Amino acid sequence: MQKKKVVILGGGLAGLSAATALSQSEEFEITVIERAPMAGGCTSSWRDHRDADKSEIQYPMHMIFPTLYVNFLHLLKFIALTRHVNLAANLTPKFDRFFFFNENNRKSSLALSPLTKKLPAPLHGLKILWDFDGCGFFDKISTLRFFLFCLRQGGKDIPPASDQYNFYGFCKKLGMTEEAVKAMARITYSITNLPPSEQVGPKFAKLFYEVILSHSDALGYQMINDDYTPGLIAPWVIFLKNSGVRFMFEHEVAGICHNGKCKVSGITATNHNEGLRGEGLRFICTNCGLRFHNVTAKIHCPKCGLILGYIPPPHPSPKFLEADYVVSCLQPHQLAEIILADEHHPLRQFDYFRKLGKYKGASLTISRMWLDKKYTFEDNLTGLDRHYFSFNGIMDISNIMPRYAEQSVFDTLSDDGDALKMWSTETLKQKLIKDMRRVFPETLSAAVTKHLLAHIWPRVLYHKAAPEISSLYRPKSQQSPVDNLVLAGDWISTLEIGMEGAVRSGLDAANILLRKEGQPVWPIFRPERGLLPGWLENTRT
Ligand SMILES: Cc1cc2nc3c(=O)[nH]c(=O)nc-3n(C[C@H](O)[C@H](O)[C@H](O)COP(=O)(O)OP(=O)(O)OC[C@H]3O[C@@H](n4cnc5c(N)ncnc54)[C@H](O)[C@@H]3O)c2cc1C
């Protein structure tokens with residue numbers, strides 16, 4: 001029997017997850033198209049032209065909450081068992097503490113003490129609150145209302161668009177003090193990865209419940225470390241290749257072809273390397289969007305140093321790939337860009353796709369600094385107030401990146417990259433160093449020996465800032481109005497966030513196809529009270 005051709009657009013976590021679930025069936029011939037030279041999408045690495053040695057900055061700042069990230073962890077376990085990948089090498093041991101830092105340079109922490117762990121949930125939540133030193137007694141009492149609200153709303157599944165009020169709205173409704181609201185904003189931003197404006201009513205309460213209140217060990221989180229891309233993503237790709245999945249790296253999806261009826265017939269993709277040696281070819285950087293001419297075989301954007309996308313020669317020859325099914329695992333603005341490229345694209349007739357035009361990319365800046373003295377801080381400092389700092393997270397990564405264990409290396413992350421673009425690179429570096437010294441005064445006497453900086457530009461990242469975007473424009477179903485076109489990606493997942501959202505949406509998209517073909521579906525796990533099987537620790541060698 002002829003296999004059904006599935007083309008997956010984008011090799012981020014959503015694309016890899018969809019490919020994994022589909023590859024377990026014999027029914028499909030799967031191709032993943034990825035414009036970057038490697039898989040992983042937002043969890044991979046970046047480099048910037050301003051760094052003399054062109055080193056890449058990888059992404060340590062990815063937190064995984066075991067109670068919430070159940071599908072992600074089960075999927076990793078599946079890959080690990082099959083390919084004998086050492087999971088422990090890719091994820092750090094558990095962290096039980098968050099640090100915060102306010103505008104007055106005051107540090108506070110939310111921690112899970114050994115005693116707290118012994119208390120049954122959700123009582124342990126009260127103890128965490130009691131131990132929290134970020135606000136006063138009366139502020140804590142008003143914060144209690146917040147906890148109770150989350151407990152009441154928390155465990156329930158909620159319909160996608162139940163968007164009654166946002167974070168500040170319900171804090172006000174609960175009558176919380178100003179200090180308590182500020183403290184909770186810092187905490188929840190760090191833990192849910194969602195800015196206050198995106199923390200919409202019940203959705204936010206559910207996340208907060210699952211991350212903090214559902215289990216007495218729930219605050220404990222792990223981070224991906226520098227082995228993650230070579231150690232996990234690369235073997236994952238090999239596993240998929242061995243399962244028959246075809247990868248087309250450095251190919252950019254240019255068009256989604258339609259048969260005029262309610263069916264996609266295939267996609268077109270341009271090869272970044274095609275015609276590389278041709279004189280005067282024009283290229284476009286996939287990271288910063290710079291357009292320029294290049295004649296050398298090795299192309300790096302002169303502005304930001306990334307591998308480039310390709311502007312086709314005057315008579316473009318994008319490759320056509322026939323597809324029975326297309327699974328788009330692109331970010332919404334990336335998909336919109338493809339549809340927008342064709343003025344008469346039939347998908348434009350659907351409100352479902354027109355809404356994608358509302359999504360915007362985000363600018364993000366990350367920096368890595370090396371000091372000439374060795375310090376050890378156990379801090380994952382987040383929730384910094386952006387009015388007072390140039391970044392919103394800083395940490396001593398020697399804790400989580402084995403190759404830096406002997407050095408002092410700090411990573412900072414700022415999701416307000418647009419504002420930071422206003423500074424010259426040198427000024428920005430000085431500001432970041434100053435901020436680091438404010439947060440870690442011990443480092444005042446140390447010199448910065450090396451400083452990498454990478455700006456990640458809107459074409460690459462999706463921003464989930466506005467609540468009306470999350471609820472009004474997010475499609476209610478991953479099944480698009482076009483029968484054989486299914487959407488996935490963290491942005492479309494209504495309940496989960498970040499990596500778990502991406503993985504879950506990829507698996508859900510695969511299940512839509514598997515159901516259509518009458519195939520057994522991939523199991524989807526839901527976070528449950530008490531679900532902390534400890535298997536991750538058991539996989540350690
Ligand atoms: C700095 C940072 C920190 C984060 N921290 C956390 C965290 O602590 N915890 C957490 O859970 N999540 C975190 N996230 C979010 C998490 O990384 C993302 O939610 C997740 O990786 C998104 O996966 P995705 O597959 O949906 O999208 P992406 O990873 O964006 O994948 C989309 C893929 O499509 C490709 N693509 C785009 N356009 C085209 C085209 N035209 N043709 C071909 N390919 C194309 C892209 O190159 C990319 O590989 C963080 C993200 C960032 C950037």
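Which residues does alanine 18 touch, not counting residues up to four places away in sequence? Keep that in mind as you read these notes.

1. **The model as a whole.** Please remember that this is a predicted model. The mean pLDDT of the protein is 81, and 82% of its residues reach 70 or more.

2. **Overall make-up.** You will find 17 helices and 22 strands in the protein. Of its 541 residues, 49% count as buried. Take the contacts between residues at least 6 apart in sequence: 71% of these join residues at least 24 apart.

3. **Alanine 18 and the core.** Here is the reply to the opening question: alanine 18 touches Ile8, Val327, Cys329, Ala488, Gly506, Ala509 and Ala510. The largest nonpolar core has 144 residues, and Ala18 is among the members that touch the most other members. Val6, Ile8, Leu9, Val326 and Val327 belong to that group as well. As background, nonpolar side chains tend to be buried together in soluble globular proteins.

4. Now look at helix H1 (residues 13–23) and helix H16 (residues 498–516), whose axes come within 7 Å and cross at roughly 35°. The crossing of H1 past H16 is right-handed. On the H1 side, the residues that take part include Leu13, Ala14, Ala18 and Leu22. Their partners in H16 include Met499, Val503, Gly506, Ala510 and Leu513. Sorted by class, the contact between H1 and H16 has 13 nonpolar, five polar and no charged residues.

5. **Helix H11 and its cover.** In helix H11 (residues 332–340), the buried residues are Pro332, His333, Gln334, Leu335, Ala336 and Ile338. What covers them includes four strands: S10 (251–258), S16 (325–328), S17 and S21 (448–462).

6. **Glycine 361.** Strand S17 (residues 361–371) contains glycine 361. Is this glycine buried or partly exposed? Glycine 361 counts as partly exposed because it has 19 C-beta neighbours inside 10 Å, and a residue needs 20 or more to be buried. Along the chain, glycine 361 and tyrosine 462 are 101 residues apart, yet their C-alpha atoms are separated by 4.3 Å.

7. **Backbone features worth a look.** Most residues other than glycine have a negative phi, and most peptide bonds are trans. With that in mind, visit the peptide bond from alanine 121 to proline 122, which is cis, with omega near 5°. Proline 122 sits in the loop between helix H4 (114–118) and helix H5 (123–131).

8. **Two positive phi values.** Asparagine 105 is not a glycine, but has a positive phi of about 65°. You can find asparagine 105 in the loop between strand S6 (97–101) and strand S7 (107–111). Asparagine 105 is exposed because 10 other C-beta atoms lie within 10 Å, and 12 or fewer makes a residue exposed. Glutamate 250, also not a glycine, has a positive phi of about 55°. Its place is the loop between strand S9 (246–249) and S10. Glutamate 250 counts as buried, because it has 21 C-beta neighbours inside 10 Å.

Notes: Residues are numbered from 1 along each chain as its sequence is written. This is a predicted model: local features need pLDDT of at least 70, side-chain atom pairs count only at pLDDT 80 or more; totals for chains, interfaces and linings use all residues. pLDDT is the predictor's confidence in each residue, from 0 to 100. Axes are lines fitted to C-alpha atoms, for helices over the stretch in contact, and angles run from 0 to 180 degrees between N-to-C directions. A crossing is left-handed if the near helix is turned anticlockwise from the far one by less than a right angle, and right-handed if clockwise. Two residues are in contact if their C-beta atoms, placed from the backbone, lie within 7 Å. Ala, Val, Leu, Ile, Met, Phe, Trp, Tyr, Cys and Pro count as nonpolar, Asp, Glu, Lys and Arg as charged, and the others, Gly among them, as polar. A nonpolar core is a set of buried Ala, Val, Leu, Ile, Met, Phe, Trp, Tyr and Cys residues joined through C-beta atoms within 7 Å.
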